[in-house]
Amino acid sequence: MNTQVAIIGAGPAGLLLGALLDKAGIENIIVERQTPEYVLGRIRAGILEQVCVDLLRDAGVGSGVDMGGTVHHEIDLVFQNKRYPIAVSQLTGGKVVTAYGQTEVTQDLMTQRTQLGLTSFYSADEVDLHDIESKSPRVSFSIDGRRQEISCAFIAGCDGFHGVSRKHIPSHLLKEFERVYPFGWIGVLADVPPVSPHAIVYANSDRGFALCSMRSMTRSRYYLQCPLTDQVSEWSDERFWDELKLRLDPELSAKLITGPSIEKSIAPLRSYVAEPMRHGQLFLAGDAAHIVPPTGAKGLNLAATDVKYLSEAITEFFKLNSSHGIDQYSARCLKRIWRAERFSWWLTSLMHRFPDTGEFGQKIQEAELDYLVKSQALSTSLAENYVGLPLDFGDQ
Ligand code: APR
Ligand code: PHB
């Protein structure tokens, strides 16, 4: 098989890249290790910056988020059992974020890809990359035991943190930066009305962090900080709801509507960046190149801007015969990535209970939160990062 771009991975990064390239008239094939059902079963953060919503519209899949998304103008911070609104929209000249699940984003992109008749291989085993330093790289894989091969001009490694693509950058050229946090998040999805439908709630409590989010007016998503050693089986629904109530302010605790969980999982928190994001004809995008802790919900948004830059660069190559975009790709992405890494690390550090800093750490966090909610300067800094820094921020 021949194509212009072979995309490894059918998560949001791979699917959105495929859609944007197709829109620009560039052929692409996606190779994914899992089944579509498995990909859709992964529950991840669902807060979209305006840039991300605009990209989904550009890719021709904006109707899902336009109809099913909930626009938020505010986030709330809870500490010392009191809740403080941060008017992110007012502080950023009218910018908003939209609550819309990553599962829904992925489903919208998958449906469109099927409707357009674009080629995707799911359940692909032993995916391998070849000759990435040459002008004609290849991707090989097996479907039902039969070996297949794609020849292409570019390979996009959109295969997440545990993918195969990044391993093809020689270790002496790849620099990795990592911080692993000493706790995880247990998340629950439940078909109950969200306790705070107009604002995502981030709670700092001396019992640990809590987060109230939503998927729709009838489906909620909640998280609690928990020890990494905890097992899902140790968290009955009842224990989860009781603990959540203890970490929120009294008004929200009283309003919380509980119900049976439809999904429950524990995830570790990590900050990670791999540099550079290009080697030869291989380009990494999304979680394949970087991970942020979910505090701030930047993961999907960063993946979206990576593939925006990559689709522009590849389009420039084929349509204008210019390598400028592909040569600048890694540096251009990394600037934005490090800003989001800083923000996600900062918000994580501010909101969680750290085992090694004890009561002193808790007091310092509360003093910073008190300063933050009372200072227009600090609230504006939080707000502009939360809604997403402009694409060309500080790049002039
Ligand atoms: N071959 C083919 N596909 C692979 C391989 C492989 N060797 N390894 C992993 N994959 C697939 C995974 O099964 C997954 O479907 O690549 C896809 C990567 O998807 P994500 O992990 O969702 O990563 P990405 O698309 O970059 O998403 C970025 O979405 O998943 C979240 O936390 C993530 O919010 C971030 C954003
Ligand atoms: C979510 O809705 O799953 C969510 C929202 C905000 C976050 C993280 C996750 O910061």
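Q: Which residues come nearest to ligand 2?
A: This is a predicted model. In it, Tyr-202, Ser-213, Arg-215, Tyr-223 and Pro-294 come nearest, out of 14 residues around ligand 2.

Q: How far is the polar side-chain atom of Tyr-202 from the ligand 2 oxygen?
A: The distance from that Tyr-202 atom to an oxygen atom of ligand 2 is 2.7 Å. Ser-213 also has a side-chain N or O atom 2.6 Å from an oxygen atom of ligand 2.

Q: And which residue puts a backbone N or O atom 3.4 Å from an oxygen of ligand 2?
A: Ala-297 does, with a backbone N or O atom at 3.4 Å from a ligand 2 oxygen atom.

Q: How much of ligand 2 does the protein bury?
A: The protein buries 100% of the 280 Å² that ligand 2 exposes when taken alone.

Q: Which elements give two or more residues to that shell?
A: Strand 15 (210-216) and strand 16 (219-226) do. Strand 15 has the largest share, three residues.

Q: What's the shell around ligand 2 like by class?
A: Eight residues are nonpolar, four are polar and two are charged.

Q: OK, ligand 1. Which residues come nearest there?
A: Around ligand 1 there are 24 residues, and Glu-32, Arg-42, Arg-44, Gln-102 and Asp-287 come nearest.

Q: What is the distance between the Glu-32 side chain and the ligand 1 oxygen?
A: An N or O atom in the Glu-32 side chain is 2.6 Å from an oxygen atom of ligand 1.

Q: Which residues use backbone atoms on ligand 1?
A: Arg-33 is one of them, with a backbone N or O atom 3.2 Å from a nitrogen atom of the ligand. Leu-300 is another, with a backbone N or O atom 3.1 Å from an oxygen atom of ligand 1.

Q: How much of ligand 1 is buried?
A: Ligand 1 taken alone exposes 690 Å², and the protein buries 93% of that.

Q: Which elements give two or more residues to its shell?
A: Helix 1 (12-23) and helix 9 do. The largest share comes from helix 9, with three residues.

Q: How does the shell around ligand 1 split by class?
A: There are ten nonpolar, eight polar and six charged residues in it.

Q: In what sense do strands 12 and 19 pair?
A: Strand 12 (residues 154-157) pairs with strand 19 (residues 282-284) in the parallel sense, over three bridges. In one of the pairs, Ala-156 has Phe-283 of strand 19 as its bridge partner.

Q: Changing topic: where is the cis peptide bond at Pro-276?
A: The cis bond runs from Glu-275 to Pro-276, with omega near -5°. Pro-276 lies in the loop between strand 17 (261-275) and strand 18.

Q: And what is the phi of Asn-81?
A: Asn-81 has a positive phi of about 65°, although it is not a glycine. Asn-81 sits in the loop between strand 5 (74-79) and strand 6 (82-86).

Q: Why flag those two?
A: Because most residues other than glycine have a negative phi, and most peptide bonds are trans.

Methods
Residues are numbered from 1 along each chain as its sequence is written. Chains are lettered from A and ligands numbered from 1 in the order in which they are written. This is a predicted model: local features need pLDDT of at least 70, side-chain atom pairs count only at pLDDT 80 or more; totals for chains, interfaces and linings use all residues. Side-chain values use heavy atoms; hydrogens and water are left out. Two strands pair if DSSP finds at least two bridges between them. Helices (H or I, at least four residues) and strands (E, at least two) are DSSP runs, numbered from the N terminus. A residue is near a molecule or strand if one of its heavy atoms lies within 4 Å of it. A polar contact is a pair of N or O atoms within 3.5 Å; within protein, one must be able to donate a hydrogen and the other to accept it, and residues adjacent in sequence count only if both atoms are side-chain atoms. Accessible areas come from the Shrake-Rupley method with a 1.4 Å probe; for residues, only the protein chains shown count as cover. Ala, Val, Leu, Ile, Met, Phe, Trp, Tyr, Cys and Pro count as nonpolar, Asp, Glu, Lys and Arg as charged, and the others, Gly among them, as polar.
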